[in-house]
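Below are some notes for your reading of this structure.

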Amino acid sequence: MRVLGIETSCDETSAAVVSGTLEALSLDSLVILSQDVHRLFGGVVPEIASRQHLTGIVPAVEAALHDADVSADELDAIAVTYAPGLVGALLVGTSYAKTLAFVHDVPVVPVHHLEGHLFATLLEHGTAAPPFTALLVSGGHTLLLDVPEWGRYRLLGQTRDDAAGEAFDKVAKLLGLPYPGGRPVEQLAATAESPAHGHAHYFARPMLRRRAVVTDDDYYDCSFSGLKTAVLHAVRNAEQAGTLAQERASIARGFQDAVIDTLVEKVYRAAKAHRRGRVVLGGGVACNGALQQAMRERFAGRGGAVFAPTPRLATDNAAMIAAAGLFRAQRGEQGDASFTAVASLPIPGLFSE
Ligand code: KG4
Ligand code: ZN
C-alpha cells in the first residue's frame, strides 16, 4: 500500500509518502515547510498560518510525490489531518486532499493529528507497536495512554491546565528566550550545574505525592500552571536582586527537572499498572534529550524499552499522518467527502475504564 499524507493543523505545511505494511513501513519522502514567520509574534497567528498553508500546500505535495518517484494516480490512499488544530489551517489541507483524491480517483482517509503522533515512532522502529504505554506531549496536548492495539486508546491521564510544551513556551518567554521555547529552555538548562552539585532552584512537583494510590483522581494527571507561576516568582525575585543573569540557567534547569520528574513518574505508574514493556513518546516535547534519558534510566534494568522519534518525526509532520492513514486504510476506512475540519475532538477509539 502506498499513502500520501498531508498535515496542515498548525504552523507546518507538510506532505509525505509512506509505503509497505504496518509491520514493514517505508518512509519514501517527507517535505516540511516550517512557517518561521510566527517567531516574530511569539506564537502562531491563525490567519497567517492559513495563508501560508495555501501557498505551501501545492509545492509541498508535488515535492513529496516527486521525491518518492510516484504519481498521484499510483496512490492507494490520501491521508489528511482533519482534527484537532486551527480550523482555517486544517481546511486548507482537507480541501486540497479531497480535491486531489477526487481528481485522481483515490480514497481519502481523515486522520486525527494525535493518532498520527502515536505512529511517528513506528517509521523508525518497527517494534514500537502495541501493546505499549504512550505519552503524547506537544504544544497543545499532554496525554497519557495505554495502547493495547492500534485504534484502541485507553485514556489514563492528561493535563488539568497547560500542556507540557505550552509550559516550556511560557517559561521560555519569562526567561527572554525565543518561541517556540522548548529547545532553547533545554539548551539553557544544560548549562546549569547538576542538582547533585546543589543548583539553586528546586520547584515543587505538581501531583506527585509519594504515597499516591491508583484510586487517587490525580494519579495519572498532570498540572503545569502552578509550576509556571513558581518560575515567574523566581524570575521576579532574581530580577529584584539583580541576579537574573546568573540564575537563568538554574531556573530553566529547575523547571525542566520538575516537568521531567512528573512525566517520568506518571508514565512509569501507567506502564507498571498495565504491565507494558514498551513506552512510546510522541509530540514536540519528546525531542527533549533530558526527558528521553530520564525515561530510559527509569525503565533500564526493568526490561522496558523506551522509543522516541527523531526531532523531524517528533514535531508536526505528514509522515506520521500517512502512517496512521495506512493503518486506517488497511482496515477499509475511508472518508466520504463529507468529513470536515474540527478544532477539538477526542482521538477515535479513545476509551476509559
Ligand atoms: O508536536 P509539536 O511540534 O506541535 C504541536 O502539535 O503542538 O510540539 C511543539 C511543542 C512546542 O511547545 C515546543 O516548545 C515543544 O514542542 N518542544 C520542546 C522541545 N522541542 C520542541 N519542548 C521541550 N524540549 C524540546 N527540546
Ligand atoms: Zn502535533
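What area is buried between domain 1 and domain 2, and what percentage of that area do carbon and sulfur atoms give?

1. The answer is about 1800 Å², with 73% given by carbon and sulfur atoms. Please keep in mind that the model is predicted.

2. The two parts come from the domain assignment of the protein. Domain 1 is written in two pieces, 2-119 + 314-352, and domain 2 covers 130-308. Taken over C-alpha atoms, the centres of the two domains lie 28 Å apart. Domain 1 brings 22 residues to the contact, and domain 2 brings 20 residues.

3. On the side of domain 1, three residues deserve a look: Leu 114, Leu 118 and Phe 351. Together they supply 36% of the area that domain 1 buries against domain 2.

4. Polar pairing across the boundary can be stated in two counts. There are 4 residue pairs in polar contact across the interface, with both residues at pLDDT 80 or more. For salt bridges between domain 1 and domain 2, the count is 0.

5. Which elements supply the side of domain 1 that touches domain 2? Helix H3 (113-119), helix H10 (318-330) and strand S11 (350-351) each give at least two residues. The largest share, 5 residues, is that of H3.

6. Sorted by class, the side of domain 1 that touches domain 2 holds 12 nonpolar residues, 6 polar residues and 4 charged residues.

Conventions:
Residues are numbered from 1 along each chain as its sequence is written. Chains are lettered from A and ligands numbered from 1 in the order in which they are written. This is a predicted model: local features need pLDDT of at least 70, side-chain atom pairs count only at pLDDT 80 or more; totals for chains, interfaces and linings use all residues. Side-chain values use heavy atoms; hydrogens and water are left out. Domain bounds come from an automatic or database domain assignment. Contact means heavy atoms within 4.5 Å. Buried area is the accessible area (1.4 Å probe) that two parts lose on being put together, summed over both. A salt bridge is a side-chain nitrogen of Lys or Arg within 4 Å of a carboxyl oxygen of Asp or Glu. A polar contact is a pair of N or O atoms within 3.5 Å; within protein, one must be able to donate a hydrogen and the other to accept it, and residues adjacent in sequence count only if both atoms are side-chain atoms. Helices (H or I, at least four residues) and strands (E, at least two) are DSSP runs, numbered from the N terminus. Ala, Val, Leu, Ile, Met, Phe, Trp, Tyr, Cys and Pro count as nonpolar, Asp, Glu, Lys and Arg as charged, and the others, Gly among them, as polar.
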